[in-house]
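User: I have a chain to study and some questions about how it is put together. Can we go through them one by one?

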Amino acid sequence: VMNLNLEGKRVLVTGASKGIGLAIAKGFLSEGCDVHLVARSESALKDVTSQLNEVAQGGISYSALDLSKSENIPHLLNAAGPIDILVNNAGSIPGGDLQTIDEVRWRDAWDLKVFGYINLSRAVYKQMSEINSGVIINVTGLAADRLDTNYIAGSSANASLNAFSRALGSNSFKDGIRCLAVSPGAVETDRLVTLMKTKAALELGSEDLWPDLLKGLPYGRAATTTEVADVVLFLASARASYLSGIVVNVDGGHSSRGGAF
């Protein structure tokens, strides 16, 4: 618990059934917030809710909804009620180059990760502006800075969301709202571990050697989900009250690596 004076804040976290989203939800609950979780799978939400009840200092509720469909947003807001802090985190974009990712796959991915963020932000922003208070945090990704032709849809999506966060947050103070982005590098989620185990089995002969594949990262490891969540919680708190329209990279300095040649 960081004692960020967030007790009683009403928080909405998307993509909250696992990984970074789950860690963020857990952090807000430990600070005494009332948290509404959103994910597609109701069974997953039920499972994590029972887990989180053991550590929660605030209330927990959830909605099983597909936020790639904008018609679900009014249902979500009716279920969640007034929101003080929105954390957009849902979304997974497939790897592949321009020829691999056809229009259908590209649009499907962006409907959740890009337009899902934008559409939910639009709806919540209107609600927040009526009370002249609120924080919107968009969890993006380091591919926005370390561009990858073999992850072209993801690089483009994250760069777009970083620009969206900067543009919205640059003037949102007029409505009492702050908007920021948190851009993690490699994070030790179940998905990353699975991918690394598969790669290690192919390249190193054993999936048990997967940590070796991360030795080139800062500190020789990926970030933990808690390290990302802690940054989100701080930025959502009044201790970050003069921060808006920025992107905070949680990458151990990875995005700053480079050289003249």
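User: What covers the buried residues of H6?
Analyst: This is a predicted model. The buried residues of H6 include Ala 153, Ala 157, Leu 161 and Ser 165. Their cover includes both helices and strands: helix H4 (103-113), H5, S5, strand S6 (177-184) and strand S7 (247-250).

User: How far does H6 reach from its first C-alpha to its last?
Analyst: H6 has 18 residues. At 1.5 Å a residue, the expected reach is 26 Å. The model comes close to that, with a reach of 26 Å.

User: Where is Thr 140?
Analyst: Look between two elements. Strand S5 covers 134-139, and helix H6 covers 152-169. Thr 140 lies in the loop between S5 and H6.

User: Does Thr 140 count as buried or exposed, and why?
Analyst: The cut-off for buried is under 20% relative accessible area. Thr 140 has 8% relative accessibility, so it counts as buried.

User: Which residue's side chain does Thr 140 join in a polar contact of 2.8 Å?
Analyst: Leave aside the neighbours within four places in sequence. Thr 140 is then in contact with residues including Lys 113, Asn 158, Leu 161, Asn 162 and Pro 184. A polar contact of 2.8 Å joins the side chain of Thr 140 to that of Asn 162.

User: Why does the span of helix H5 agree with its number of residues?
Analyst: Helix H5 has 17 residues, 115-131. At 1.5 Å a residue, they should span 24 Å. The span agrees because the end C-alpha atoms of H5 are 25 Å apart.

User: Which residues are buried in H5?
Analyst: An α-helix has 3.6 residues a turn, so residues three or four places apart point the same way. With that in mind, read along H5. The buried residues are Gly 116, Tyr 117, Ile 118, Leu 120, Ser 121, Val 124, Tyr 125 and Met 128.

User: Which residue follows H5, and what is its phi?
Analyst: H5 is followed by Asn 132. The phi of Asn 132 is positive, near 60°.

User: How compact is the chain?
Analyst: The secondary structure comes to eight helices and seven strands. The globule rule gives 18 Å for 261 residues, and the radius of gyration of the chain is close to that, so the chain is as compact as a globular protein of that length. The radius of gyration is 18 Å.

User: What share of the residues in the chain is buried?
Analyst: The chain has 261 residues. Buried residues make up 46%.

How values were computed. Residues numbered from 1 in each chain as written. Predicted model: local features only at pLDDT ≥ 70, side-chain atom pairs only at ≥ 80, totals over all residues. Heavy atoms only, no water. Helix = DSSP H or I, 4+ residues; strand = E, 2+ residues; numbered from the N terminus. Expected span 1.5 Å × (residues − 1). Buried < 20%, exposed > 50% of the residue type's maximum accessible area, 1.4 Å probe, protein only. Polar contact = N/O pair within 3.5 Å; in protein donor to acceptor, adjacent residues only side chain to side chain. Contact = heavy atoms within 4.5 Å. Rg over C-alpha atoms; globule rule 2.2 N^0.38 Å.
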